[in-house]
Amino acid sequence: MPWCEACTRFYNPNTLHADGTCPNCGAKLAEPTERQGAPWHFWLLTGALAIYLGWRLIQLILLIVK
C-alpha cells in the first residue's frame with residue numbers, strides 16, 4: 001500500500017491517479033499500473049441476482065393476473 005508523506009496516509013492503489021501519483025498532493029507514490037476490471041465472481045453473482053429477480057417478477061405478474 002502506497003504511503004504519502006505529505007498527506008500522512010496510506011492509499012489503495014486503485015485510488016491513485018493512472019500515473020501513480022497522489023490524488024491530493026500529486027506526489028509520485030507508485031509505478032503506473034493497468035486498472036483491473038471486476039473479478040469474475042462479481043459478474044457471476046450479478047447474473048444470478050438478475051435471474052432471481054426476473055423469476056420473482058414473473059411470479060408477481062402471475063399472482064396479479066390470477
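Predicted model: local features only at pLDDT ≥ 70, side-chain atom pairs only at ≥ 80, totals over all residues.
Figure 1. T21 touches L16, G26, A27, K28 and L29, leaving aside residues up to four places away in sequence. The side chain of T21 also forms a polar contact of 2.8 Å with the side chain of D19. T21 sits in the loop that runs between β2 (9–10) and α1 (40–65). Its relative accessible area is 13%, and T21 is therefore classed as buried, the limit being under 20%.

**Figure 2. E5 and its side-chain partner W3.** E5 belongs to the loop between β1 (3–4) and β2. A polar contact of 2.9 Å links the side chain of E5 to the side chain of W3. The relative accessibility of E5 is 62%, so E5 counts as exposed, for which over 50% is required. Between E5 and W40 the C-alpha to C-alpha distance is 35 Å, and the two residues are 35 residues apart in sequence.

**Figure 3. Nonpolar surface patch formed by L57, L60, I61, L63, I64 and V65.** The area of this patch is about 640 Å². One of its members, V65, is placed in helix α1. V65 has a relative accessibility of 66% and counts as exposed because this value is over 50%.

**Figure 4. Order of elements and overall dimensions of the protein chain.** The protein chain contains 1 helix and 2 strands, and from the N terminus on these elements follow the order β-β-α. The radius of gyration is 22 Å, whereas the globule rule gives 11 Å for 66 residues; the protein chain is therefore more spread out than a compact globule. The C-alpha trace spans about 65 × 20 × 15 Å along its principal axes.

Figure 5. Of the 66 residues in the protein chain, 11% are buried. T21, shown in Figure 1, is buried, whereas E5 and V65 are exposed. Among contacts with a separation of 6 or more, 8% are between residues 24 or more positions apart. The accessible surface of the protein chain is about 5,800 Å², and carbon and sulfur atoms account for 66% of this area.

Key. Residues numbered from 1 in each chain as written. Heavy atoms only, no water. Helix = DSSP H or I, 4+ residues; strand = E, 2+ residues; numbered from the N terminus. Buried < 20%, exposed > 50% of the residue type's maximum accessible area, 1.4 Å probe, protein only. Polar contact = N/O pair within 3.5 Å; in protein donor to acceptor, adjacent residues only side chain to side chain. Contact = heavy atoms within 4.5 Å. Patch = residues over 30% accessible without salt bridge, like charges linked within 9 Å, V, L, I, M, F, W, Y side chains within 5 Å. Areas by Shrake-Rupley, 256 points an atom, 1.4 Å probe, with all protein chains shown as cover. Salt bridge = Lys/Arg side-chain N within 4 Å of Asp/Glu carboxyl O. Rg over C-alpha atoms; globule rule 2.2 N^0.38 Å.
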